[in-house]
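Open the model in your viewer and keep the selection tool at hand. The stops below go from the pocket to the ligand.

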Amino acid sequence: MAIQRTFSIIKPDATKRNLTGVINAKFEAAGLRVVAQKRIHLSKAQAGVFYAVHAERPFYDELCEFMASEPIVVQVLEGENAVLKNREVMGATNPAEADEGTIRKEFALSIGENSVHGSDAPETAAEEIAYFFAGLEIVG
Ligand code: CMP
């Protein structure tokens, strides 16, 4: 498997509890390199564009409200099989179903306030990275 990139967000519930460093330590321990990172505060409209794929879901409004409630940390992670590896490190969307040792098992508060987002496929990763980062900001 070649070196791959994925997109990651450390969400408001985690930045608020000062968990950016411990979450990054989990990524790095799994062999993922943080090759771009910035702390930003999204507007609800910007969150809505990012999560447009969920626009018809009942939780969409709540999700956008939450993502705009506090700063987030957006990241590009790089490593072998990075998309899948990141999903393993994050654990299941619902922390009640997440494996021991995963970020969501240890830190997530609920299915909505679940501490991290990670791309679900390489194609999505490329789109999500392009929404937040210019090429020059990614230093592998
Ligand atoms: P994420 O990986 O960022 O992708 C979409 C997000 O929607 C997901 O994580 C959850 O935080 C959120 N989500 C999914 N299902 C629900 C739900 N039933 N209620 C509230 N939020 C949800």
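Helices and strands here are DSSP runs, numbered from the N terminus; a helix has at least four residues and a strand at least two. A pocket is an open set of grid points with protein on both sides, and its lining residues have an atom within 4 Å of a point. Keep in mind that this model is predicted.

Stop 1: Select the largest pocket, which has a volume of about 770 Å³. Of the 28 residues that line this pocket, Lys11, Tyr51, His54, Leu63 and His117 are the closest to its centre. Next, colour the elements that each give two or more residues to the lining: helices H3 (44-50), H4 (60-67), H5 (82-90) and H7 (122-132), together with strand S4 (116-118). Which element gives the largest share of the lining? That is H7, with four residues. Colouring the lining by class shows twelve nonpolar, eight polar and eight charged residues.

**Stop 2: the ligand and its shell.** Now select the ligand, which sits in the largest pocket. Show the residues that surround the ligand: Lys11, Tyr51, His54, Phe59, Leu63, Thr93, Arg104, Ile111, Gly112, Asn114 and His117. By class, this shell has four nonpolar, five polar and two charged residues.

Stop 3: Zoom in on the oxygen atoms of the ligand. At Lys11, a side-chain N or O atom is 2.7 Å from a ligand oxygen. At His117, a side-chain N or O atom is 3.0 Å from an oxygen of the ligand.

Stop 4: Finally, show the surface of the protein around the ligand. On its own the ligand has 450 Å² of accessible area, and the protein covers 79% of this.

Note on methods
Residues are numbered from 1 along each chain as its sequence is written. This is a predicted model: local features need pLDDT of at least 70, side-chain atom pairs count only at pLDDT 80 or more; totals for chains, interfaces and linings use all residues. Side-chain values use heavy atoms; hydrogens and water are left out. A residue is near a molecule or strand if one of its heavy atoms lies within 4 Å of it. A polar contact is a pair of N or O atoms within 3.5 Å; within protein, one must be able to donate a hydrogen and the other to accept it, and residues adjacent in sequence count only if both atoms are side-chain atoms. Accessible areas come from the Shrake-Rupley method with a 1.4 Å probe; for residues, only the protein chains shown count as cover. On a 1 Å grid over the protein atoms alone, a cavity is a set of points where a 1.4 Å probe fits but cannot get out, and a pocket is an open set with protein on both sides within 12 Å along at least five of seven lines; lining residues have an atom within 4 Å of a point. A molecule sits in a cavity or pocket if more than half of its atoms lie within 2 Å of its grid points. Ala, Val, Leu, Ile, Met, Phe, Trp, Tyr, Cys and Pro count as nonpolar, Asp, Glu, Lys and Arg as charged, and the others, Gly among them, as polar. Grid points are joined across faces, edges and corners, and a volume is the space filled by probe spheres set on the points.
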